[in-house]
Amino acid sequence: MTKNSLVLYKSFLAVVIDRDGDKYLIRFCTQAATSTGKKAVYSEQKVREKDVVLLHDGPCSSLENALSFSDTRIPSQIQETYELLQSDDSTATAPIAFSELSEYARGTFSADEAWAFYSALCDDVHFALSQDDFKNGRLIFIPRSQSEIEAINKKQFEKEHEDEIRAAFIQRLKNRTLNLPDDAKFMGEVEAFALCRTEKCRALKEAGISQTVENAHKILIETGIWDMTKNPYPTRFGFSFESAKEQLGAMPDEKRIDVGGTAYAIDSEHSADPDDAVAFDGEYLWVHIADPASSVMPDSVIDVAARNRGTTLYIPEGTSRMLCESSLEEYALGLKSDSCALSFRIKLDSDSQIEECVVLKTRVQVNRLTYRQAEEQKDSAELRPLFEIARKNKARREANGAVTIQMPEVDISVDKETKKVSVQPEVRYESNDMIAELMIIAGEGAARFAFKNQIPFMYVSQEAPEFPEKLPDGLAGQFARIKCMRKRSVGITPAPHAGLGVSFYSQVTSPLRRYGDLISHEQLRAFLDGRKVIPKDAMLERVAAGDAASLAARKVSRLSETHWKLVYLLQNPQMRLEAVCIDRRGNDALFLIPSLDMQATVRNAPDVSLNDSAILLAKNIDITEQSVDFVRE
């Protein structure tokens, strides 16, 4: 750079007026003259060479002349130069220096006209300034492709005609006749509203449509933006379809007790996260539980993330885990030759009452079985004692007023590619009940251990139900029991769980997928290690937050299952559904469809009695409202 060279300083044009060592004194205009009478404002600044970009070597006659130069031919000259470059494959996409481009377009490259040409070139659609080169002090322009030019022109046109384009879209929205994919970008606000990411929707308002998430959902289906299979409920409630990302790392190297023999992790054939295993050694019942709390500390990033999720979310289209997928191989039971566990060693009397419960850090060999396999082996030497303990415990609990309710359940699966829904009745074995009983024993034992040692803990309780003197038989009787049950309570004060028939109870057997279990494990491990446990008030806050998230997850799971059941009915419109009347509501009858685990109200059915059977047909299915009309065949 020399005196009277033109440079670019920030967003201003500047002229070099002197040099002082390794710095240059420049003069630039910070405010142009205006038609209202304001005069141009000029400033001077000393800069280093790297602070400016050379526009022209000069000499420039004056900064004022460079700023005021104008030539109406420049835009057409730029376009002609672009067309010339496009005529040769070697120059069509090749970067070109600003000075060379100016000479192509104007035949000369004078200092006074450089700013006018540069400004026009930056505003022109045919060339793009290379930002990487600009940062390194070079003015290099790159010819744009035809598709890039068309996209920019289209965007500019839309900006200039925004109101009329918007009005045309709103009319198409009213008529449910969108132009896809062009209108998809306008429907983004409707999608955001349907997913509860925004509280209002301008498009629906302008189209005269009531702003409800159900209406938004319906329009997205009617216009083809969403397929009817789209499940909005996890997103509406703030849940991710992806599992947690926070890594637990390797199991810490610490002293553990090696427990002899083999324990059995018994679960459904679809289970990928076994977190409990059971065994009986002739004296003690062992309930081994996965030990993620060995790595997860209270209020750590992983702990807080798990608290916000509350639980692993199971929905028909997949699983969103509370802890990261990679933790399963290291922490789940039975996936490696030896499994590390937090174990409950429980001594029972002849009536299955807990005499002693000790919590230990262990290493154990685990064999995985499905419920069906366990059922087939229930008379084996290894499993027979476990079934006997479970039967005695169930009898003990029922003697204490426990309520046993058995209703049909189903497994729903969705093909990821075709979205074809399959609904299959869940097969229950005695082995299902055996594991459930042993988990209740573990929960009762953990609660007693925490209470005895004054550990602030998560307790689960439930008040006793009040049943009428006479309950109907069959499924109607099971449903009547459900209606009488009280809500469970979660807190840090122990109280009886009447529904289970136990005086103390906590959930500790699923720390990989329930936050309440995880935080209880954190407390138990802190106690065992002699570390400070979470105090009562803080524990109460964490328990409440985790339980609220867990309740929300269960609601999402229910809504998602209903969604896919309705999709299943739409995919099978001629299906005849066997149903049983489980309740009377005025002149209406409430049926249960066992094959779907779905309730169905039939209007004006005075001739139907409890436990009567009927064949139902589904009519008027509305995915968005989660409603369906059922009629008797």
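Helices (H or I, at least four residues) and strands (E, at least two) are DSSP runs, numbered from the N terminus. The model is predicted: local features need pLDDT of at least 70, side-chain atom pairs count only at pLDDT 80 or more, and totals for chains, interfaces and linings use all residues. Residues are numbered from 1 along each chain as its sequence is written, and side-chain values use heavy atoms, with hydrogens and water left out.

View 1. Lys419 sits in the loop between strand 16 (410-414) and strand 17 (421-425). Its phi is near 65°, a positive value in a residue other than glycine. Most residues other than glycine have a negative phi, and most peptide bonds are trans. Lys419 is partly exposed, with a relative accessible area of 33%; buried means under 20% relative accessible area, exposed over 50%, and partly exposed in between (1.4 Å probe, protein chains only). Together with Arg197, Lys230 and Lys416, Lys419 forms a positive surface patch. Patches are made of residues with over 30% relative accessible area and no salt bridge, like charges being joined within 9 Å and nonpolar side chains (Val, Leu, Ile, Met, Phe, Trp, Tyr) within 5 Å. Accessible areas come from the Shrake-Rupley method with a 1.4 Å probe, and for residues only the protein chains shown count as cover. Lys and Arg count as positive and Asp and Glu as negative, while His and the chain ends are not counted. The place of a charge is taken as NZ of Lys, CZ of Arg, CG of Asp or CD of Glu. Arg197, another member of the patch, belongs to the loop between helix 9 (188-194) and helix 10 (202-206) and is exposed at 59% relative accessible area.

View 2. Glu269, Glu409, Asp411, Glu561 and Asp597 make up a negative surface patch. Asp597 is placed in the loop between strand 21 (588-593) and strand 22 (598-602). With 30% relative accessibility, Asp597 counts as partly exposed.

**View 3. The salt bridge between Glu64 and Arg27.** A salt bridge (a side-chain nitrogen of Lys or Arg within 4 Å of a carboxyl oxygen of Asp or Glu) joins the side chains of Glu64 and Arg27 at 2.9 Å, N to O. Glu64 lies in helix 1 (residues 63-68) and Arg27 in strand 3 (residues 23-31), so the pair ties together parts that are 37 residues apart in sequence. Both are partly exposed: Glu64 has a relative accessible area of 32%, and Arg27 has 22%. By this rule the model has 51 salt bridges.

View 4. The side chains of Arg256 and Glu254 meet at 3.1 Å, N to O. Arg256 is buried at 9% relative accessibility, and Glu254 is buried at 19%. Salt bridges with shared partners link Glu254, Arg256, Asp291, Lys361, Arg525, Asp529 and Arg531 into one network. In the other pair, Lys245 and Glu242 form a salt bridge of 3.8 Å, N to O. Here Lys245 is exposed, with a relative accessible area of 57%, whereas Glu242 is partly exposed at 47%.

View 5. Three antiparallel strands form an open sheet in the order 6-8-7. Strand 6 (96-97) and strand 7 (127-129) are the edge strands, each pairing on one side only. Two strands pair if DSSP finds at least two bridges between them; strand 6 and strand 8 (residues 140-143) are antiparallel over two bridges. Ala97 stands opposite Ile140 in strand 8.

View 6. Leu8 is part of strand 1 (residues 6-9) and is buried, with a relative accessible area of 5%.

View 7. The peptide bond from Gly58 to Pro59 is cis, with omega near 5°, and Pro59 lies in the loop between strand 5 (53-56) and helix 1. Leu180 and Pro181 are also joined by a cis peptide bond, with omega about 10°; Pro181 is in the loop between helix 8 (162-175) and helix 9. Gln454 is not a glycine, yet has a positive phi of about 55°. The loop between helix 17 (430-452) and strand 18 (459-462) holds Gln454, which is exposed at 73% relative accessibility.
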